[in-house]
Amino acid sequence: MAQTARSTQAAQGVGAARASGATGARGGRRRRPVSPGRVLAWVAMVVILLVTLFPFYWILRTALSSNAALYVDPTSPGPVGFGWGAFARVFGMQSVEEAIAEGGSGASIDFWLYLRNSVVVATVVTVCQVFFSAMAAYAFSRLRWRGRDAVFSLFLLSLMVPTIFTLLPNFLLVRQLGLIDTLLGIMLPGLFMTPFAIFFLRQFLANIPTEVEEAALIDGASKVRVFFNLALPMTVGPIATISILTYIGSWNDYFWPLMVSYTDESRVLTVALGNFNAQTPQTGPDWAGLMAATLVAALPMLVLFMAFARRVVSSIGFSGIK
Amino acid sequence: MTTTAPPTGARRRRRDDTRLALAFIAPATLGLLVFYFWPLLRGVWLSFTSWDVLTPARFVGVENYVEMIGDPVFWNAVRVTALYVVINIGVQTVVALLIAVLMQRLSRSILLRSLILTPYLVSNVVAALVFLWILDFQLGIGNNALEWLGLDRIGFFTSETWVIPTIALVNVWRHMGYTALLIFAGLLTIPPTMYEAARVDGASEVRSFFSITMPLLRPILGLVLIVSVIGSFQVFDTVAVTTNGGPVDASRVLQLYIYEKAFAQFDFGYASALSVALLLMLMVVTFLQYRITRAGQTDLS
């Protein structure tokens, strides 16, 4: 990770020099004359950012509006008929009458429950998957054993299996195990590893200097101790990165939980959202409620990302496809 | 795939770690066998059976495949999926390349890159619902904006002509930032000296883009394309949430058809045959792409 960060910085320095050269400026980068091409490029960038970010603002604006006002005035840039009713509805804090009066379907929804289910699934999957993948990655990079490369190429082969192909048979397996409509059923296929996580972590574990490891071994540490007390701490950066990516991926998954979950018992946020959308009230969709629910589903990942943005952003690409 | 493991060299350790290694790879191997290889075999086997889950599976040979070849809904699904992939990948690649080059030229700020990545952090379901609202025929801000511009309102999710382009563009919105960052990382691998040399020779920005950036980016662009095409073929979430295949069959993509066959009609044999067909299509497309883009080779040297 340190290496990645350094090379990014180096590239940044080089890039700045190149950019200033491109506009024909000498000296400091702040005194660069503004060329028409550059202005045009920034305009394009701003348009792209607007397209990227506008939907998020529109979720917030709609969630804070009331349905009645939305039907009268759908275009005001700010919230119309401001209120927290949509959130109250989403968290099951309105009575059925209240909900229907405000344009909800009146069906029982409780996003606290779905939120809890999503947190449980994403957390358990991330912890188990990353830990088991790290163990395997350690065996594939730092242990010496016969057949290592052959077994590793089997794992690489599984990178090529598209998700769709495993979904149906996995559903049948989970059904045979009696785990339909349970959180464990949703988590099970992701608990053990993903080939990507193993591949990703193996690269970093392989880069730990041999001398460091040998010093520990000479001091009498076992290889198991080396893994826990040396290898894991030294790759804490990549482990954090892959954990965040796994967490976000697991949180956002829809197809698999849709197959496995049938009741509130195991309903995660994505499935609950789809369900909420399907329960359109007679009067028309409960847009305020839907957008409030959407915000509840999206916000935790946005906050998580904000906390680790630098790490995640600079790791994409360097590891994403190699 | 280069092996970065430390070279063993002549100095071999006395002890090998076979037992420890087996313990360390045990959980991952269990996952590999039970949730990757076993379903692969089982899926292929099921495609040769007739099975409604309740009664035991019955071997029917290639019956499912024969039925599939004569199934107009299947061929429609293939057509719809292909149209989706072409629009989705075409627009996404161009936009992502534009964003990546803009970032290369303008700024490398982490903030900018984070903002660009934001849509990728929300689920397909969230993206689908937001655009269902923004593009709603009566109340959506998108359609109201069209009216201000003096254009007709469009039933983005309700007209047969618009539904696939709309869904394709919704997914472009979610994935373009991520794709741009992948391409951007590729741009960082191009030695800056090449651009300086070109400038000394008097080449314009556009000229540099086509004679330096594009040829040197080709291997990475090829890989990005392969990964995104595989993902694109597996479109499901957005369709399931917004249109459920409608209007009529206009957005009934392959994955949705597979899902319906299995979970609405309990025809797991036929659904498995459809998955095999999708898998074969993916393999052919990936192979062709690999050959055409020569993704594995580099021109950097």
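pLDDT is the predictor's confidence in each residue, from 0 to 100. This is a predicted model, in which local features need pLDDT of at least 70, side-chain atom pairs count only at pLDDT 80 or more, and totals for chains, interfaces and linings use all residues. Residues are numbered from 1 along each chain as its sequence is written, and chains are lettered from A and ligands numbered from 1 in the order in which they are written.

**Exercise 1.** Find where pLDDT stays under 50 in chain B.

*Solution.* The stretch under 50 is residues 1–14 of chain B. Next, count its contacts (C-beta atoms, placed from the backbone, within 7 Å). Beyond four places in sequence, the model has 8 for residues 1–14 of chain B. Where pLDDT is low, the predicted coordinates should not be read in detail.

**Exercise 2.** State how many residues chain B and chain A bring to their contact, and which element of chain B gives the most.

*Solution.* Chain B brings 81 residues and chain A brings 86. On the side of chain B, helix 1 (residues 18–46) gives the most, with 16 residues. Helices here are DSSP runs of H or I with at least four residues, numbered from the N terminus.

**Exercise 3.** Describe how the two domains of chain B are placed and joined by contacts.

*Solution.* An automatic or database assignment sets the bounds: domain 1 of chain B covers 21–63 and domain 2 of chain B covers 72–293. Their C-alpha centres lie 31 Å apart. The contact takes 10 residues from domain 1 of chain B and 8 residues from domain 2 of chain B.

Conventions: Helix = DSSP H or I, 4+ residues; strand = E, 2+ residues; numbered from the N terminus.
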